[in-house]
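Hi,

Here is the structure I promised to pass on. Have a look, and my notes on the charged side chains follow below.

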Amino acid sequence: MARRLVAAVHVQHPTTREWIVLEPGDEPDEELAAEITNPDAWEDDEPSSGLEESESDEPKKDEPKPFGFTAPPEPEPEAEPTAPAPRRRRKAADADE
C-alpha cells in the first residue's frame with residue numbers, strides 16, 4: 001500500500017537525477033518515497049479519532065522546552081525594592097545664602 005503525501009515536496013529522482021515536484025495527495029512509488037525524509041510530509045497511517053487524550057500544553061519531563069513564538073510567555077521577575085538615594089548634606093557656605 002502506497003503512502004499519501006499531505007504536503008508538496010521537491011525530490012530528486014534516484015536514477016535520472018531529475019527534480020520532481022510531488023503534490024499533496026500524491027502516492028509516489030517506493031523508489032521516490034525513500035527519498036522523502038521529512039515525516040511531516042506523509043499522511044498519518046492511523047486515522048485519528050479527535051484530539052489525543054495525552055496531549056497537553058505543558059511539555060513533558062523529557063521534552064525540551066519550546067522556543068520562539070510557540071512557547072508561552074514566561075512571567076517577568078518582580079523588581080527588587082530599592083532604597084532611596086541618601087540625601088546629601090549642604091555645605092555651610094550654601095546654608096548661609
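In which helix is Glu31 found? Glu31 sits in α1, residues 30-33 (helices are DSSP runs of H or I with at least four residues, strands are E runs of at least two, both numbered from the N terminus).

Before the rest, a caveat: this is a predicted model, where local features need pLDDT of at least 70 and side-chain atom pairs count only at pLDDT 80 or more, while totals for chains, interfaces and linings use all residues. Residues are numbered from 1 along each chain as its sequence is written, and side-chain values use heavy atoms, leaving out hydrogens and water.

Glu31 counts as partly exposed because its relative accessibility is 37% (buried is under 20% relative accessible area, exposed over 50%, partly exposed in between, with a 1.4 Å probe and protein chains only). Its side chain makes a polar contact with that of His13, at 3.4 Å (a pair of N or O atoms within 3.5 Å, one able to donate a hydrogen and the other to accept it; residues adjacent in sequence count only if both atoms are side-chain atoms). His13 lies in the loop between β1 and β2 and is buried, at 15%.

Then there's the one salt bridge in the whole structure (a side-chain nitrogen of Lys or Arg within 4 Å of a carboxyl oxygen of Asp or Glu). Arg4 pairs with Glu27, their closest N and O atoms 2.7 Å apart. This links distant parts of the chain, 23 residues apart: Arg4 is in the segment before β1 (9-12), Glu27 in the loop between β2 (19-22) and α1.

Cheers
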